[in-house]
Amino acid sequence: MRSSLLILLFCAGCAARVVTPAPASAPAPAPTQAAPPAPPSEAPAAPPPAEVSTPGAAAPGETQVVAPASVAAAPASSPSPAEIAAVITDAAVRDTPCPAEPEEDDDDATVATDDEGVSEEGEMQAPLAPAAPAGPLYTADLSDEALTEAWKKDPATLGSMSIGFVESGRQINSRRVPDDKDWLVVSPEIAYGTEETVSYVAAAIHAVRAQYPNVPPLRVNRLSTKDGGYLRPHKSHQNGRDVDLGFYYPTADPVRERERERYIDVAMNWALVRSLVVNTDVQMILVDKRVQKVLYDYALSMGEDKAWLDSLFNGGFNSLIKHARRHRDHFHVRFFNGRAQELGRRVAPLLALQPDQNLMIYKVRNGDTLGAIAMRNNSSVVAIKKANRMRNTFLSIGRRLVIPLKGPCTHCPIPPPVQLPPRRLPPTVESPALVNTAPAASGKLPTPCTPAAPAPTPVAVPTGAPSGLSTAR
């Protein structure tokens, strides 16, 4: 009996609800009596409060009335946190072409060889299938029949060929960078590239020598091996289109300091970058953002067109000069090779006609062994070790292996038809009489990582000042 009474009392407490008493000046009308009209002097009646059904707060069939002050009304079209983050991220990327990164301590022993983060851009892998080029054919002098005949009889007559991709490729009929008084080949055994790449490097360096006759020799570091393929520790440098160029310093002696931008000859290095942009089909130049800032400031101070410089340094994804970690002491330059790339694309289906060149690139995955790779691709362990200059059977995940094939490869990816973009030439230089030589009013040069300050309000020229002369200092 006592437990029954307790249950009844508990249920009675649940059904009870607290009602806020109405003000004495506005008594609640009777159910059958119409409410009197509101006085004209009073403000319009507020909308009825929202009714919120709260389990356990009201009896069944009843609705608890919550005061408006206790409910935070949200806008009807309030954006979600993900949408807000996307907008902020997009604005940051658009307004900050050089994202701020913490200062890293570059190791001089590895900075010249490690190109971590360098990746192929603008070339999508496609399955091996005939593809009609959508633009100029850079090997139009060779028909399909002539190309097949030359490949079968004497592949050397075709010239250099860039096979595959910079991160997964190789080269045929490569050419070594020759010795010259204008540059120093640091490692001749890995100074092989396509004919176009070697010609572009020579043209760019000779142009700097023509502008600065006393310039010291430039250090030409690494390109690719003679046959291309994986080059430790690089991710790229595989198909003859990448080259590492050192910096110009006041003397021929190399500098071992970490902050190389403080010791380089800025004028000569800007001349090199400008020559690469103007005289070659350069795809991109990778260098540390702190070196970029020094080059940008100097070029702007020398009268280079700011819009043109921004297209090189501050164009975001379309920038020609990009930031890369561990590139504080050299330029990593990648070239478009119209003929070498197009030949490599067209020769890919014909590789089986030359057993020595019938190779594919394989990326090692977790659980792979040399035996399994050889069996899966119709090859042999001995052939794979020889093609990759391996002393043992140890494999590292992510490594690219050259696999000699015993038949045609019907699933090997190949690049799409190459399309050379127009070179980003600077605008025509104005005649000296039309060039505005007045210094910037702010007294500071814009940097590639800092938005340019708005133009100051024009200041009236004091009475008596010569007409046409600026009073800014």
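These legends accompany close-up views of a predicted model.

**View 1. S160 in its loop.** S160 lies in the loop that links helix 3 (144-153) to strand 3 (161-164). With 6% relative accessibility, S160 counts as buried, because the cut-off for buried is under 20%. One reaches the backbone oxygen of N173 at 2.7 Å. The other reaches the backbone nitrogen of E195 at 3.1 Å. Beyond neighbours within four places in sequence, the contacts of S160 are I172, N173, S174, T194, E195, A340 and L343.

View 2. L147, A150 and W151 are the buried residues of helix 3. They span an arc of only 100° around the axis, so they sit on the same side of the helix. An α-helix has 3.6 residues a turn, so residues three or four places apart point the same way. E145 and K153, on the other side of helix 3, are exposed. The cover over the buried residues of helix 3 includes strand 3, strand 4 (169-172) and helix 8 (338-347).

**View 3. The largest nonpolar core.** This core holds 47 residues, and W270, F331 and V333 touch the most other members. Helix 5 (residues 266-279) is the top contributor, giving 8 residues. A second, separate core has 14 residues, among them Y362, A374, L401 and C412.

**View 4. The surroundings of F331.** Residues up to four places away in sequence are not counted here.

How values were computed:
Residues are numbered from 1 along each chain as its sequence is written. This is a predicted model: local features need pLDDT of at least 70, side-chain atom pairs count only at pLDDT 80 or more; totals for chains, interfaces and linings use all residues. Side-chain values use heavy atoms; hydrogens and water are left out. Helices (H or I, at least four residues) and strands (E, at least two) are DSSP runs, numbered from the N terminus. Buried means under 20% relative accessible area, exposed over 50%, partly exposed in between (1.4 Å probe, protein chains only). A polar contact is a pair of N or O atoms within 3.5 Å; within protein, one must be able to donate a hydrogen and the other to accept it, and residues adjacent in sequence count only if both atoms are side-chain atoms. Contact means heavy atoms within 4.5 Å. A nonpolar core is a set of buried Ala, Val, Leu, Ile, Met, Phe, Trp, Tyr and Cys residues joined through side-chain atoms within 4.5 Å. The arc is that of the directions from the helix axis to the C-beta atoms.
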